[in-house]
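Q: Can you walk me through this model? Keep it short, please.

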Amino acid sequence: MTSESRQANYWSVLFLRFLAGYINVTMIIHFATTLAGQTGSLTNIPILIVQQNNFALVETLSVVLAFLMGTIFSGFCYPHDDSAVRLRYTAILTGFGLLWLATPWLDLPAGLLLVLTAFSLGFQNGMRLSYRGITVRTTIMTGLLTDIGVMVGRWLNRHPIEIWRLTFHLNNLWSFLAGGIFAALVDQYTPIHEMLVAGILDLLVAGYFFFFRDKLEVTSWP
């Protein structure tokens, strides 16, 4: 990977982290539901089954299945040609962006919006992105926090660590948090519909993938 490709991949990952943080906080503000990772939803399913809360159970199962379908779609869209996958990512992110732009006027039911958003995050998390050999899942933070903690622990025990790797993980964390803070600010201080902003962000990321399609590299499947 050339230095230009490495930089292009670096920023693509951070932009997607920011987008995931923004959308996740937006869903929490309006629906008290986190969609970027599914550990909470999967944990909640046994509770809802025992409580016989069928409505909430159906909603939670729908979100989990939508996220899973998004990852399946992401895997299906991955061809053998790197240039083709970059263009497909551009087209699909553009589609999500246009959908979010139209959301304020579509007046979608809450359940449908949750399912569509979970699907989009599942797709995003399945995108084959990497930086210097690190395969990155841009919507889920548990693994990232684990990597940061393990590296800090090794450093405290006087083991050598790769500073660039720790810096990359920390920048991923800051990007996700920055996206979340931006969502909270939009909700608190502006009259703008949050999904309208999400659409603009998706289109900006799609544009980045298009304009840097010759420099971005994706991780090959094993």
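A: Helices here are DSSP runs (H or I, at least four residues), numbered from the N terminus. This is a predicted model: local features need pLDDT of at least 70, side-chain atom pairs count only at pLDDT 80 or more, and totals for chains, interfaces and linings use all residues. Residues are numbered from 1 along each chain as its sequence is written, and side-chain values use heavy atoms, with hydrogens and water left out.

Q: Where is the place of A66?
A: A66 sits in helix α3 (residues 54–76).

Q: Is A66 buried or exposed?
A: A66 is buried, as its relative accessible area is 7%. Buried means under 20% (1.4 Å probe, protein chains only).

Q: OK, what does A66 touch?
A: V115, A118 and F119, leaving out residues up to four places away in sequence. Contact means heavy atoms within 4.5 Å.

Q: And how many residues apart in sequence are A66 and F123?
A: 57, yet their C-alpha atoms are 9.6 Å apart in space.

Q: New topic. How do α1 and α7 cross?
A: The axes of α1 (residues 3–31) and α7 (residues 163–189) come within 7 Å and cross at roughly 40°. So α1 is oblique to α7. Oblique is what remains after roughly parallel (under 35 degrees), roughly antiparallel (over 145) and roughly perpendicular (65 to 115). Axes are lines fitted to C-alpha atoms over the stretch in contact, with angles from 0 to 180 degrees between N-to-C directions.

Q: Which residues of α8 are buried?
A: Among them are E194, M195, D202 and F209.

Notes. Helices (H or I, at least four residues) and strands (E, at least two) are DSSP runs, numbered from the N terminus. Buried means under 20% relative accessible area, exposed over 50%, partly exposed in between (1.4 Å probe, protein chains only).
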